[in-house]
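User: I've got a new model open and want a quick walk through it. Can you take my questions as they come?

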Amino acid sequence: MERYHFEDELQQLKNRLLEMGALVEDRVHRAVHALTSRQVEEAEAIIAADREINDLHIEVDDRCLKLLATQTPLAVDLRLITSAMKINSDLERIGDQAVNIAENAVRILPHPPLKPLIDIPRMADIAQEMLKASLDAFVNGDDELAFQTILKDRSEERRVGK
């Protein structure tokens, strides 16, 4: 594989991670919306569509392993590929959490609500914003955005008392 082809493969890897990130972000949003708006059918649709994220996770891992096995990546490329593998696993786990939210929604929605859900949508918005910023920082190599996202995460942790 020539270097220009390798660069193209790295860009495709980044693009697939962005697609997976957008899909995961959408699933979290929809799961929280299904919970807060009491839409069992929407929650069930999220559960049924879990395979799509799992398949994308496998594809991205395969791309990473292929690049590692068929190339001798430079240090910067090696860091990108190994970071992509970690991000890929984290995105898949976030997708699983969206399914968990949907499964819990299906379980609790038949019962009358105890109180309005206010904090959950707010926390989901913050998490989605940070996910998007993290992916943007990774794909664009934006150290400052990555650092600001870390600071935001730490400030949110302190705010909620972790």
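This is a predicted model: local features need pLDDT of at least 70, side-chain atom pairs count only at pLDDT 80 or more; totals for chains, interfaces and linings use all residues.

User: Fine. How many helices and strands does the protein have?

Analyst: The protein has 6 helices and 0 strands. Along the sequence the pattern reads α-α-α-α-α-α.

User: What box do the C-alpha atoms fill?

Analyst: Roughly 60 × 35 × 20 Å, taken along the principal axes.

User: What share of the 162 residues is buried?

Analyst: Buried residues come to 34% of the 162.

User: And the contacts? What part comes from residues 24 or more positions apart?

Analyst: Take the contacts with a separation of 6 or more: 81% of them join residues 24 or more positions apart.

User: Which one gives the most?

Analyst: H5 does, with 14 residues in the lining of the largest pocket.

User: How does the lining of the largest pocket split by class?

Analyst: It has 20 nonpolar, 5 polar and 9 charged residues.

User: What's the volume of the second largest pocket?

Analyst: The second largest pocket is about 210 Å³. Its lining includes Leu35, Thr36 and Arg38. Ile108, Leu109 and His111 are also among the lining residues, as are Pro112, Pro113 and Leu114.

User: And its classes? How many residues are nonpolar, polar and charged in the second largest pocket?

Analyst: The lining there divides into 8 nonpolar, 2 polar and 2 charged.

User: You listed Leu109. Where is leucine 109 found?

Analyst: Leucine 109 sits in the loop between H4 and H5.

User: Is leucine 109 buried or exposed?

Analyst: Leucine 109 has a relative accessible area of 7%, so it counts as buried. The cut-off for buried is under 20%.

User: What is leucine 109 in contact with, neighbours within four places aside?

Analyst: Leucine 109 contacts Ala34, Leu35, Arg38, Gln39 and Val40.

User: What about the phi of arginine 38?

Analyst: Arginine 38 has a positive phi of about 60°, although it is not a glycine. Most residues other than glycine have a negative phi.

User: Switching to packing. At what angle do H2 and H4 pack?

Analyst: Helix H2 (residues 40-48) and H4 pack at about 145°, and their axes are 8 Å apart. The crossing of H2 past H4 is left-handed.

User: Which residues make the contact?

Analyst: On H2, they are Val40, Ala43, Glu44, Ile46 and Ile47. On H4, they are Ala98, Val99, Ala102, Glu103, Ala105 and Val106. By class, the contact of H2 with H4 has 9 nonpolar, no polar and 2 charged residues.

User: Now leucine 13. Buried or exposed?

Analyst: Leucine 13 is buried, because its relative accessibility is 0%. Leucine 13 belongs to helix H1.

User: What does leucine 13 touch, not counting residues up to four places away?

Analyst: Leucine 13 touches Val60, Arg63, Cys64, Leu67, Leu80 and Ala84.

User: One more. Where is leucine 135 found?

Analyst: Leucine 135 is in helix H5. Its relative accessibility is 7%, so leucine 135 counts as buried.

User: And which residues is leucine 135 in contact with, leaving aside neighbours within four places?

Analyst: Leucine 135 is in contact with Leu17, Leu18, Gly21, Ile87 and Leu91. Its C-alpha atom is 9.2 Å from that of lysine 14, which is 121 residues away along the chain.

Methods: Residues are numbered from 1 along each chain as its sequence is written. Side-chain values use heavy atoms; hydrogens and water are left out. Helices (H or I, at least four residues) and strands (E, at least two) are DSSP runs, numbered from the N terminus. Ala, Val, Leu, Ile, Met, Phe, Trp, Tyr, Cys and Pro count as nonpolar, Asp, Glu, Lys and Arg as charged, and the others, Gly among them, as polar. On a 1 Å grid over the protein atoms alone, a cavity is a set of points where a 1.4 Å probe fits but cannot get out, and a pocket is an open set with protein on both sides within 12 Å along at least five of seven lines; lining residues have an atom within 4 Å of a point. Grid points are joined across faces, edges and corners, and a volume is the space filled by probe spheres set on the points. Axes are lines fitted to C-alpha atoms, for helices over the stretch in contact, and angles run from 0 to 180 degrees between N-to-C directions. A crossing is left-handed if the near helix is turned anticlockwise from the far one by less than a right angle, and right-handed if clockwise. Contact means heavy atoms within 4.5 Å. Buried means under 20% relative accessible area, exposed over 50%, partly exposed in between (1.4 Å probe, protein chains only).
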